[in-house]
Amino acid sequence: MKELLRQIPKVTEFFHMDCIATLQEQHSTTAVTEWIRQTLDALRQAILQDTCSAVPSMEELCRQVVARAQRDAVPSLRPVINGTGVILHTNLGRGCLSKPAADAVSEIARGYSTLEYQVEAGCRGSRHDHVSQLLCRLTGAEDAMVVNNNAAAVMLILSTLGQGGEVITSRGELVEIGGSFRVPDIMELCGCHLQEVGTTNKTHLYDYERAINENTRALLKVHTSNYRIVGFTESLSLSDMVALGQKTGLPVVEDLGSGSLVDLEHYGIHDEPTVQHSVRAGVDVICFSGDKLLGGPQAGIIVGKKDYIAQMKRHPLARAIRVDKMTLAALQATLHAYLDIEQAEREIPTLSMLAATPAMLQAKADTLCHMFTEQGIPAQVVAQSAPVGGGSVPNQLLPTYAVALTPAGITPNALEAALRQRALPIVGRISAEQYLLDLRTLFPEDFPYIVRTVVEVVT
């Protein structure tokens, strides 16, 4: 081991090698030196762990340095092609922005903007103004504001309306979202006490009435957007909760979770409430996500009665969780498309994917399948189903079509791994010993790259 350690070359020896000189033409000496040191450190650790029986040649070590440099040059956050069929794939960044929204982000990001400046008056403005009027117009609410995600929206609402008192909610609505983020934990963090009422499957009006006391600050309803309780169940309707809030003078808060501005029934998605319905029902404060069913950027959107929204805008927490100019630019463009639902379905990828009919998906699958077979890759079109994803629309699968690849000489798992590890990764799924590319989440402009890459991997 000591002899092997003595054979490890010095860092300076590498700079006499041609491939390292070429690397220096493309990168700084500091970066090249760091890659050499990392390569040598890895070799040293392998020797100490007795997993290396010989020191590689300088040529081989230089190849390892160059490979390390190439890996570092690829950003960890980069685009992927989603062939899973899951529209709101959380691990893949959930939904895609529309082109107008992406263009708006690019335009605003590369220069100065009117983020908090009123051009007409020549004075300071509010960043909330850029989307509040659009949100009010689309939902019918009195006022609106935006924070960085829906969990932050819930925190701000409870910190503003419930701090120091009790907030009543149904035991069947104590949801947990991703990352073990739970409603009871949020309440504790916001300085208010959770008052659970009812049972897991049934909560009645009298459960709320009995729980109200002098310490009660608000009534909270949570849409179970990522699970369903079925069977012998009952929950309080929005109209009854609003009536109770008006009778007792308590604000009614609803966390809609995914949040939708369109009726999803005609897409084949059932029992998903809209924001407009909650506003019309008289709910005082409603919050929902911007990057789920809405199809915009990550954001927590709060709409409701003007007095309550004004309190939240003044709360110290509002500054800590506010959104930046790029989020507002993307959200403004996304919301503007909703003024014409047909335009929204054309522009917003999430809505386009939800609206895609089986016939449309089969036609796309036929096209991609033909492109594969023309290149000698065995492929066939298969009927499938896939979830919407993103903790939205639980227990409902959308019918879809996929192209199944079964090339000889490579297993589905090996094909999946090889495509996933490309510079532009292709992420599919495996079912019934077949590698599948689901057409619901694929863009036609990516078909040539997909086919070319599969051919390269297979051959």
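In the predicted model, four strands form an open sheet in the order S13-S14-S17-S16, and their pairing is antiparallel. Strand S13 (379–389) and strand S16 (429–431) each have a single partner strand and stand at the edges, so one side of each is left without a neighbour in the sheet. Direction ignored, neighbouring strands of this sheet are turned against each other by 45° on average. At one end of the order, S16 is joined to strand S17 (residues 434–438) by three bridges, the two strands running antiparallel, and Arg429 has Leu436 in S17 as its bridge partner. Helix H19 (residues 412–420) packs on the sheet, where it touches strand S14 (392–405) together with S16 and S17, and the direction of H19 makes about 40° with that of S17.

Leaving aside neighbours within four places in sequence, the contacts of Ala386 are Thr84, Gly85, Leu397, Leu398, Thr400 and Asp438. Ala386 and Ile87 are 299 residues apart along the chain, whereas their C-alpha atoms are separated by 8.8 Å.

Leu354 belongs to the largest nonpolar core, a set of 53 residues in which Val303, Leu335, Tyr338 and Leu354 touch the most other members. The element that gives the most to this core is helix H7 (residues 129–139), with five residues. In soluble globular proteins, nonpolar side chains tend to be buried together. The buried residues of H7 are Val131, Ser132, Leu134, Leu135, Cys136, Leu138 and Thr139, and what covers them includes strand S4 (143–147), helix H12 (275–281), strand S12 (300–304) and helix H15 (325–337). After H7 comes Gly140, with a positive phi near 85°.

His336, by contrast, is found in helix H15 and counts as partly exposed, at 45% relative accessibility. His336 and Ala121 are 215 residues apart in sequence, and their C-alpha atoms are 24 Å apart in space.

Two packed helices are described by the angle between their axes and the distance between the axes. For helix H18 (residues 358–374) and helix H20 (residues 447–458), the axes come within 10 Å and cross at roughly 35°, and the crossing in which H18 passes H20 is right-handed. On the side of H18, the residues that meet H20 are Lys364, Thr367, Leu368, Met371 and Phe372, while H20 contributes Phe447, Pro448, Ile450, Val451 and Val454. Divided by type, the residues of this contact comprise eight nonpolar, one polar and one charged.

Key. Residues are numbered from 1 along each chain as its sequence is written. This is a predicted model: local features need pLDDT of at least 70, side-chain atom pairs count only at pLDDT 80 or more; totals for chains, interfaces and linings use all residues. Side-chain values use heavy atoms; hydrogens and water are left out. Two strands pair if DSSP finds at least two bridges between them. Axes are lines fitted to C-alpha atoms, for helices over the stretch in contact, and angles run from 0 to 180 degrees between N-to-C directions. Contact means heavy atoms within 4.5 Å. A crossing is left-handed if the near helix is turned anticlockwise from the far one by less than a right angle, and right-handed if clockwise. Ala, Val, Leu, Ile, Met, Phe, Trp, Tyr, Cys and Pro count as nonpolar, Asp, Glu, Lys and Arg as charged, and the others, Gly among them, as polar. A nonpolar core is a set of buried Ala, Val, Leu, Ile, Met, Phe, Trp, Tyr and Cys residues joined through side-chain atoms within 4.5 Å. Buried means under 20% relative accessible area, exposed over 50%, partly exposed in between (1.4 Å probe, protein chains only).
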